[in-house]
Amino acid sequence: MSSTGHAVGAAPSGPLRRHRRLERARLAEGSIPYALIAPAVVVIVAILGYPVYYLVRLSFEHYGLFQLIAHKGQWIGLKNFTSILTDGQFWHVVLRSVLFTAANVGLTLVLGTLIAFLLKELGRFMRMLVTAALVLAWSMPVVVATQLWLWMTDYQNGVVNYLFTKLHFGNFIQYDWFANTFVGFGVITSLIVWGAVPFVAITVYAGLTQVPAELLEAAALDGSGAFRRFRDITFPILKPIFVILASLSIIWDFQVFTQPFLLLQQRPDPGYWLMSIYAYEKSFGISQYGLGSAIALVMLALMLCVTFFYIRQMIRIGEVDR
Amino acid sequence: MPRALRRTLVNLTGLLVFVVMVFPVYWMVTTAFKPGLEITSYTPHWWPHHPTLVHFTDAIHSGYFWRDLANSLIVVGAVVLLSMVLAFLAAVALAKFRFTGRRAFIVLIIVIQMLPANALVIPLYVVLARYHQVDKLSGLVVTYMTFVLPFAIWTLRGFIIGIPKELEEAAMVDGNGRATAFVKILLPLVAPGLVATAIFAFIQAWNEFIFAYILLSDQQKQTLTIWLSGFLGTSRGTDWGAVMAGATLTAIPVIIFFLFVQSRIAFGLTAGAVRG
């Protein structure tokens, strides 16, 4: 940040005076950014600092209904953590969450990228049509989409049941999609991917239009196939976008709660517990807020590890000031 | 592959994507307009043969629809207004100044955005319960700021950075001070970004489920999302026509707003990625 603008603006009345004015201007300018971020920082610290501190504190406390009424927890050290980490169910939940996240993120990114390439191939009219469809799906509120999925997979009149039966995928009339956890997670995944693909497709497509056409043409003339052109030219240029998209998808999918929770009628059985549902069940289901906090912290730690590169990339972006 | 065949294949795939993306929404809207017998017929009716508005009247007269709609508007309005003012100032600082602590601030707002709502809601619930702020809309406004504010700061920063330095400098060389240059040049240019971010903040707050679900248990104090999630929706024999009408009503403001800002937000979230 230079202050040349102010030097030009300062009145030239003697070198010393001018120097002093410059100094003062620089000092004033130095404090501007702090004045600007101060309100936001104060609010963030007030509304987030205390809860985060409290989350950590709760994880070291026994905090049940009695403590909730008495407004006072009971310090038990690392007991919450040891009881989670030695609980077989916890590790099942972690594994399930990791697999679920991998499947959802993978599908979202691959399908999104494929659709982005498709958009590039399509003519003007078809591209507009598909983009409009993507934006429409993207704009659907999660709770609305979840109700919609419940209706489409309804036991009696689900349109998906009808279509799958007509397409000879099997007999889906009066089929309970959530009786089998594998199938149930398939339904949950379809909902999440349907909602998440548009963002990836549209962002990658925007990135694709930035890749210099000459480079791709030259490579094509040299005889590189489509896959090699993607690997050697397109991907390296778009890599920062992919890092961000992958990280955001991991963040969103690893902490996903609303879709599985509502699809399972607000009382998912343990076979469907993901990290966030597990934390919810422990804290609000059986009122063990300390235990729930410990689970939430483990979940957060796992997420921070996985998205390390994302944080680094975002900081790098933030460093570029213009 | 012959060109014509390739063209056809590409277009057919495009059509498939179109259908998969649009069909669920189409099914929601058409179900909302179908009379009950068309909804429950064994063979689906692909469009409403005898369209009716009865499900919409059922939906808006059920439970606390209007009360919850008002609650949603109050909460969302307060959140958007407060966070946009704070976020704009902070975003200017991030985009236009280099200062000590800038990096720490960036790390802070990025990490905050990763905090799972499910983790935050536990201490928030315990703390709000202590101060009897559970079941209060004011408590919800505060919790919504936790995710809207960092997002708004980051997105606005992207918009402000996008303004060419030369424009601002040209204004200053013309004899204007920095503040004047800012108001004259920066503000008009950044206004679309400001509107887009505000609308997206609106959408986020409007769609929020977890905080509202856990913090508001009083039926009169809920938001529209919670109303919809509990609306005849949890037992067999659900009135799907009414549920889809309610879902359509909940989605309409979001869809309309979203169409306006979509292109800008896609840019805002990844702004600077390729250059960085």
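## Basis of the description

Because the model is predicted, local features need pLDDT of at least 70 and side-chain atom pairs count only at pLDDT 80 or more, while totals for chains, interfaces and linings use all residues. Residues are numbered from 1 along each chain as its sequence is written, and chains are lettered from A and ligands numbered from 1 in the order in which they are written.

## Chain B overall

Chain B has twelve helices and zero strands (DSSP runs numbered from the N terminus, H or I of at least four residues for helices and E of at least two for strands). Of its 276 residues, 48% count as buried, meaning that 20 or more other C-beta atoms lie within 10 Å of the residue's own, with C-beta atoms placed from the backbone. Among contacts in chain B between residues at least 6 apart in sequence, 76% join residues at least 24 apart; two residues are in contact if their C-beta atoms, placed from the backbone, lie within 7 Å.

## Contact between the chains

Chain B contributes 88 residues to the contact and chain A 90. On the side of chain B that touches chain A, 61 residues are nonpolar, 19 polar and eight charged. In this classification Ala, Val, Leu, Ile, Met, Phe, Trp, Tyr, Cys and Pro count as nonpolar, Asp, Glu, Lys and Arg as charged, and the others, Gly among them, as polar.

Helix 6 of chain A (residues 124–139) packs on helix 1 of chain B (residues 3–33) at an angle of about 30°, with the axes 9 Å apart. Axes are lines fitted to C-alpha atoms, for helices over the stretch in contact, and angles run from 0 to 180 degrees between N-to-C directions. The two helices are therefore roughly parallel, a term for angles under 35 degrees. Residues making this contact include A:Leu129, A:Ala133 and A:Leu136 from helix 6 of chain A, and B:Gly14, B:Phe18 and B:Met21 from helix 1 of chain B. By class, the contact has twelve nonpolar, two polar and no charged residues.

Within chain B, the axes of helix 4 (residues 65–96) and helix 7 (residues 137–161) come within 6 Å and cross at roughly 35°. Their contact comprises 26 nonpolar, two polar and two charged residues.

Helix 6 of chain B (residues 117–130) has 14 residues and reaches 20 Å from its first C-alpha to its last, close to the 20 Å expected at 1.5 Å a residue; the expected span is 1.5 Å times one less than the number of residues. Ten of the 14 residues are buried, so helix 6 of chain B is largely enclosed by the rest of the structure. Among them are B:Asn118, B:Pro123 and B:Tyr125. After this helix comes B:His132, with a positive phi near 55°.

A:Leu245 lies in helix 11 (residues 226–254) of chain A and counts as buried, with 26 C-beta neighbours inside 10 Å. Leaving aside neighbours within four places in sequence, A:Leu245 is in contact with A:Leu109, A:Val200 and A:Thr203. A:Tyr310 is 65 residues from A:Leu245 in sequence and 9.0 Å away, C-alpha to C-alpha.

In helix 13 of chain A (residues 275–285), eight of the eleven residues are buried, so this helix is largely enclosed by the rest of the structure. The buried residues include A:Met275, A:Tyr280 and A:Lys282. Their cover includes helix 11 of chain A and helix 6 of chain B. Just after helix 13, A:Ser287 takes a positive phi of about 55°.

Note on methods: Angles under 35 degrees count as roughly parallel, over 145 as roughly antiparallel, 65 to 115 as roughly perpendicular and the rest as oblique. A residue is buried if 20 or more other C-beta atoms lie within 10 Å of its own, exposed if 12 or fewer, and partly exposed in between; C-beta atoms are placed from the backbone.
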